[in-house]
Amino acid sequence: MSNILHITSSTPDVLTHVGTNLRRLRKQAGLSQTNLAEASGISRRMIAGLEAGTANISLASLDKLAGPLGVGFVDLVSDPARERRRIEAMAWRGKLPGSQAVLLGAAPASCEAQLWIWSLAAGEEYIAEPDPEGWHEMVYVIEGALRLELSGKTQRIGADDFAIYSSAQPYAYFNDGDVRLRFVRNVLR
């Protein structure tokens, strides 16, 4: 399996915005392509190709570029005009149909991440206390539909959909459906 991304004009993927972001962030950091190459261990030729939108690069190499720029991976790959909580960009395609990885979204975190699997029977609810400031949650619904309440506002998240939000507010999970609700929950602080 290859972890190389290939830029194609017909497919929105995580490399769609890399060239523009890389050039902008490199200039903001006051680095030439040569300086960035020396600091990251990625060749100047590769950096020039990325900025021109003609190069292929691994996800790990994107992380190597992000470090000297003082940014994260998401800063390099996300659309600057779109909210980072819904990136929804292809990050990897396998050789076989149906094999893929999609970067859904991102939230800030400072030290800990928790991964949970939740199940709520039909009619079940979970009412949470607000978390400390700076905490976020990411939920991805596997089956059923989640009614998520955030500070009194409701949104419905169906199977194969997700939400990213600050959990430093009153929030609750409800299963209003007739079937079991299953979702993955990431807690970031």
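User: Buried means under 20% relative accessible area, exposed over 50% and partly exposed in between, with a 1.4 Å probe and protein chains only. Within what arc do the buried residues of α1 fall, seen down the axis of this helix?

Analyst: The model is predicted, so to speak of local features requires pLDDT of at least 70 and side-chain atom pairs count only at pLDDT 80 or more, while totals for chains, interfaces and linings use all residues. Residues are numbered from 1 along each chain as its sequence is written, and side-chain values use heavy atoms, with hydrogens and water left out. Helix α1 spans residues 18-28 and buries Val18, Gly19, Asn21, Leu22, Leu25 and Arg26, where helices (H or I, at least four residues) and strands (E, at least two) are DSSP runs numbered from the N terminus. These buried residues line one face of the helix, because the directions from the helix axis to their C-beta atoms fall within an arc of 165°.

User: Is Ser78 buried or exposed, and which residue has its backbone oxygen 2.8 Å from a polar atom of the Ser78 side chain?

Analyst: Ser78 sits in the loop between α5 (73-77) and β3 (89-93), and Ser78 counts as buried because its relative accessibility is 8%. Leaving aside residues up to four places away in sequence, Ser78 touches His17, Asn21, Arg84 and Ile87. A polar contact is a pair of N or O atoms within 3.5 Å, where within protein one must be able to donate a hydrogen and the other to accept it, and residues adjacent in sequence count only if both atoms are side-chain atoms. At 2.8 Å from a polar atom of the Ser78 side chain lies the backbone oxygen of Val74.

User: Within β11, which residue is the bridge partner of Tyr126?

Analyst: Strand β11 (residues 171-174) has Tyr171 and Tyr173 pointing one way and Ala172 and Phe174 the other, with all of them buried. Four bridges join β11 to the antiparallel strand β8 (residues 145-150), where Leu150 is partnered with Tyr171. Four bridges also join β11 to the antiparallel strand β6 (residues 125-128), and the partner of Tyr126 is Tyr173.

User: In the open sheet with the order β5-β12-β7-β10, which residue of β12 stands opposite Leu120?

Analyst: This sheet of four strands has antiparallel pairing, and β5 (113-120) and β10 (162-166) stand at its edges, so one side of each has no neighbour in the sheet. Eight bridges join β5 to β12 (residues 181-188), and opposite Leu120 stands Leu181.

User: By what distance are the C-alpha atoms of Ala163 and Met138 separated?

Analyst: Ala163 is found in strand β10 and counts as buried because its relative accessibility is 6%. Apart from residues up to four places away in sequence, Ala163 touches Glu137, Met138, Val139, Leu148, Gln155 and Ile157. Although Ala163 and Met138 are 25 residues apart along the chain, their C-alpha atoms are separated by 5.8 Å.

User: How is the ring pair of Trp118 and Tyr173 classed?

Analyst: Rings of Phe, Tyr and Trp (its six-membered ring) pair if their centres lie within 6.5 Å, with planes under 30 degrees apart counted as stacked, over 60 as edge-to-face and the rest as tilted; the structure holds eight such aromatic pairs. Trp118 lies in β5 and Tyr173 in β11, so their pair ties together parts that are 55 residues apart in sequence, and both residues are buried. Both also belong to one aromatic cluster with Trp116, Tyr126, Tyr165, Tyr171 and Phe183. Because the ring centres are 5.2 Å apart and the planes are at 75°, the pair is edge-to-face.

Conventions
Contact means heavy atoms within 4.5 Å. Two strands pair if DSSP finds at least two bridges between them.
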